[in-house]
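Work through the exercises below with the structure in view. Each task is followed by a solution in steps.

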Amino acid sequence: MSYSLDVYRKEVHYQKNFLNFATFVTLFPQLVAGPIVRYHDIADQLSERKENDQKRYEGIQRFVFGLAKKVLLANPMGIVWDKISGYAASEMSILLAWLGVICFSFQIYFDFSGYSDMAIGLGKIFGFDFLENFNYPYISKSITEFWRRWHISLGQWFKDYVYIPLGGNRKGLARQIRNILIVWILSGIWHGASFNFLFWGLYYGVILILEKLFLLKLLKKIPSIFAHLYSLFLISI
């Protein structure tokens with residue numbers, strides 16, 4: 001989609017070399033989860049990238065770092081979560097339930113950011129420079145900030161190809177709220193074809209709208225530790 005849209009919008013020239021085009025379409029490091037590599041981000045690299053020992057070293061280092069996140073952090077936390085989530089609600093204390101929620105939250109982060117690290121590392125080995133996909137999202141002090149730090153490439157994709165073409169924030173508050181809801185409903189469906197993900201998208205859409213209307217101003221006035229706890233609580237939910 002990004003290739004077709006970028007060419008249609010004349011942001012890039014169409015690719016004349018079929019092998020370069022096929023390389024973009026089948027660029028396996030980032031196909032499964034992310035970062036989402038848009039065509040115009042690597043159009044020049046398809047024919048002009050440089051491979052050298054320094055890049056290969058950096059790529060291997062980044063890949064190992066991501067693999068460690070997955071194997072040493074995400075998987076053990078996932079085991080704890082699986083164990084706790086197997087209990088009946090009547091057998092669970094509040095503290096045990098929250099331990100499970102926290103472990104699941106960190107499992108998701110280390111799993112996904114670890115995979116992104118591995119994809120970026122593999123890209124470097126082949127001479128590609130992919131954009132970063134995570135920027136310490138759990139230090140956020142608002143949900144708005146969280147979504148600037150979490151799965152950055154997905155947020156940028158929806159902003160460039162859905163939110164801005166719909167009018168973004170240029171046509172009044174009512175249209176802006178509508179556009180935010182559309183983006184987050186689509187984001188929910190992108191994550192999975194079930195009502196759970198649809199509700200997930202609406203959940204974040206509503207919170208982001210409330211922050212835009214008044215919550216962000218309030219969060220800036222309170223001590224940062226409370227803004228941080230507010231974010232972590234809503235993210236965990």
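Helices here are DSSP runs of H or I with at least four residues, numbered from the N terminus. The model is predicted.

**Exercise 1.** Find where Arg149 and Glu145 lie, and state how they pair.

Step 1. Both residues, Arg149 and Glu145, belong to helix α7. They are four residues apart, about one turn of the helix.

Step 2. A salt bridge joins Arg149 to Glu145, with 2.9 Å between the closest N and O atoms. Side chains of opposite charge can pair when their charged atoms come close.

Step 3. Arg149 is buried, and Glu145 is buried too.

**Exercise 2.** Is Lys124 buried or exposed, and which residues share its network of salt bridges?

Step 1. Buried means under 20% relative accessible area. Lys124 has 18%, so Lys124 is buried.

Step 2. Lys124 forms a salt bridge with Asp129, the closest N and O atoms lying 3.1 Å apart. Asp129 has a relative accessible area of 34% and is therefore partly exposed.

Step 3. A network of salt bridges links Lys124 and Asp129 with Lys55 and Glu58. Over the whole structure, a search finds 13 salt bridges.

**Exercise 3.** Determine how helices α8 and α9 are arranged and what kinds of residue make their contact.

Step 1. Helix α8 covers residues 152-163 and helix α9 covers residues 173-191. Their axes are 11 Å apart, and the packing angle is about 130°.

Step 2. Angles over 145 degrees count as roughly antiparallel and those from 65 to 115 as roughly perpendicular. α8 and α9 are therefore oblique to each other. Their crossing is right-handed.

Step 3. From α8, the contact uses Leu154, Phe158, Val162 and Tyr163. From α9, the contributors are Gln176, Asn179, Ile180, Ile182, Val183, Leu186, Ser187, Trp190 and His191.

Step 4. Sorted by kind, the residues of this contact are nine nonpolar, four polar and no charged.

Conventions:
Residues are numbered from 1 along each chain as its sequence is written. This is a predicted model: local features need pLDDT of at least 70, side-chain atom pairs count only at pLDDT 80 or more; totals for chains, interfaces and linings use all residues. Side-chain values use heavy atoms; hydrogens and water are left out. Axes are lines fitted to C-alpha atoms, for helices over the stretch in contact, and angles run from 0 to 180 degrees between N-to-C directions. Helices (H or I, at least four residues) and strands (E, at least two) are DSSP runs, numbered from the N terminus. Angles under 35 degrees count as roughly parallel, over 145 as roughly antiparallel, 65 to 115 as roughly perpendicular and the rest as oblique. A crossing is left-handed if the near helix is turned anticlockwise from the far one by less than a right angle, and right-handed if clockwise. Contact means heavy atoms within 4.5 Å. Ala, Val, Leu, Ile, Met, Phe, Trp, Tyr, Cys and Pro count as nonpolar, Asp, Glu, Lys and Arg as charged, and the others, Gly among them, as polar. A salt bridge is a side-chain nitrogen of Lys or Arg within 4 Å of a carboxyl oxygen of Asp or Glu. Buried means under 20% relative accessible area, exposed over 50%, partly exposed in between (1.4 Å probe, protein chains only).
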